[in-house]
Amino acid sequence: MRSRALLFACAFALAARAQSLSHKVTLPADSPVTLMAVDWGGTDATARGGAFFVDVRASLSLRNSSQKRVRAITFAVLSQEVTPGGKGSVSVPSLDVAPGDVFPVGIDLRLLRSIGGGAAVEVKLDGVLFDDLSFFGPNSLQSRRTMTVWELEARRDRQYFKKILETAGGKGLQDAMLDSLSRQADRSWPGMQMVRGRATVTDPERELSFAFLEMPDAPIQATNGIARISGSEARAPRIEIRNRSERPIRYLEIGWIVKDQQGREFLAASLPAEVNLAPGRSGQVAQDAALRFPERTSIQAMTGFVSTVGFTDGSYWIPSRASLNDVRLRRVVTPSPEEQRLTQIYQKKGLNGLIEELKKF
Amino acid sequence: MRGKAHIPETTLALYVPGDLPLWRRALVRLHVARCAWCRQMVDVYRSDRARLREIAAEMPESVNWNKLAAEMTANIHVGLAAGECVAPRRRKQVSVGWRPAAAMAGLAAVLVCAWWLNMPSNTTQELGRAFHAILTGRGGVNTFPARDGRGLVVELSSSGIDLRENGSLVFGVSQDQAKLVDVSASVQGSASARYVDDKTGQMTITSVYAQ
């Protein structure tokens, strides 16, 4: 009798784990990529409290069915689009997929879904970027902008390393790779929390001004900025900007560098903003968000720098390699996805493998 | 300085006849060896005790020792007989057999099995960290300051990105087969993690959205 009860309990535990999970991949009818195969092997849902935790582990195999080379692709991964925690995305930058070629995209993340309506997950194409910077897709996650900036950074960095190869030879390229690897390893990261919305702050607050790194070729000049500091939290950043270019600007991103009590600097977050700034006009970027650092951290200073500018004609400005060679930026700014990919190739395949890769473009 | 505090007189009074527990006796002895005032009090109690013994030894002349001994013996017999009448019944010894133990072990196995099958590994890890923090007294679960109850929190660390609500993990990015090379946050409410596949070298960027 007792052993029957145990068997029943085991069966109940297994049944609680197995939830019926529906999943699908959605591509538009005129999609430039075709789904060849999909493996949902590790995807499952677990009911906890009033929600499903949907663990999405899928591997897609896609074919470039367009006539152009694919440079980047983004998929939205949705369990419940309007629920916080119900939406994620997976992007693959630095691709070079010729027409007709097949390429993989791996997905591995966890989403949340309220328990009513069962467990379901949808992987939906958000955008494809081609080598001529043209774009296809619904762009609901602003993936066009993100992928275009990645591609511009990739071109800039490949050009930079090719020039080093031409002028300083293999030894020069090797030194540049070792320097990049060393910078990537040295970047400090204390851990951080980011919260949107207004805070109910009980600790005393102070205002701390931003210092700005001047980039002479940047179309935007940041003139003044402050954030409110309370303990180890910095919130409500507000930055005054001026368009010093001759073109109207519709988007910009400012990098936010924080210095702690030990003198360590790290790139805490980016401040993106949709703007409408005519040439010569000034404006303000403000965000209702807070960055929290571990309790022992004391924020001593903050620095800002312009990292991306988008013009109304659809073109973008990104910092040049010369600007990024600033001593402070070199320590804190994340290398582009392409630079990280190239350093990985150097580590795996050596100098000759890297030179072969650079010759492809 | 604690050296200035003296041992209470009640404790010293118990110490002198040896009525204190062993460990307290040792502590009092240590203190008395270093403290002149307490030593003096101990000497006073000892001399009082010796004097009392002497007084007690001098019994009154009128006492009939034989009669007193007979009365005491009779009282002891009466007390023993009365004790037998009111003595509690012996309780039956409960034997702990193997069956209840086996049932408990089975139940524990089912609970462990259900936890292992249903709970994500990071929840188990968090529980482990919580127990570790309780045992060691160090706050190892979350070193971030607890503030207000603002909705979702995007947490970035060298191990990736988590989305938390009221301290509990609701969303995670892992990419088991790949190597994490960077995490970044946007104050508009998103965070991204970059991974490189060790085999193919392909870069994948996974983003989460708090809103």
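**Entry 1: strand β10 of chain A**

I began with a pair of residues across two chains: A:M194 stands opposite B:V154, which sits in β1(B). A reminder to myself before going on: this is a predicted model.

I then looked up how the two strands run. β10(A) and strand β1 (residues 152-157) of chain B pair in the antiparallel sense, over 4 bridges. Next I checked for a partner within chain A, and found strand β17 (residues 289-292), which is joined to β10(A) by 4 bridges and also runs antiparallel. Here A:R196 stands opposite A:A289.

Is β10(A) enclosed or open? I counted 5 of the 5 residues of this strand (residues 192-196) as buried, so β10(A) is largely enclosed by the rest of the structure. In a regular strand, side chains alternate between the two faces of the sheet.

**Entry 2: B:I205**

I moved to chain B and found B:I205 in strand β6 (residues 203-209). I wanted to know why B:I205 counts as buried. The cut-off is 20 or more other C-beta atoms within 10 Å, and B:I205 has 23, so it is buried.

What does B:I205 touch, leaving aside residues up to four places away in sequence? My list has A:S91, A:P93 and A:P337 from chain A, with B:S192 and B:R194 from chain B.

**Entry 3: two helices of chain A**

I turned to helix α2 (residues 143-186) and helix α5 (residues 337-359), both in chain A. They pack at an angle of about 45°, and their axes are 10 Å apart. That angle makes α2(A) oblique to α5(A). I noted the crossing as right-handed. Sorting the residues of this contact gave me 14 nonpolar, 5 polar and 6 charged.

**Entry 4: two positive phi values**

A:N139 is not a glycine, yet its phi is positive, near 60°. I located A:N139 in the loop between β9 (135-136) and α2. This residue has 15 C-beta neighbours inside 10 Å, so I put it down as partly exposed.

A:A236 is not a glycine either, and its phi is positive at about 50°. I found A:A236 in strand β13 (residues 233-243). With 18 C-beta neighbours inside 10 Å, A:A236 counts as partly exposed.

Note on methods
Residues numbered from 1 in each chain as written. Chains lettered and ligands numbered in written order. Predicted model: local features only at pLDDT ≥ 70, side-chain atom pairs only at ≥ 80, totals over all residues. Axes fitted to C-alpha atoms, helices over the stretch in contact; angles between N-to-C directions. Parallel < 35°, antiparallel > 145°, perpendicular 65-115°, else oblique. Left-handed = near helix turned anticlockwise from the far one by under 90°. Nonpolar A, V, L, I, M, F, W, Y, C, P; charged D, E, K, R; others polar. Buried ≥ 20, exposed ≤ 12 C-beta atoms within 10 Å, placed from the backbone. Contact = placed C-beta atoms within 7 Å. Pairing = 2+ DSSP bridges.
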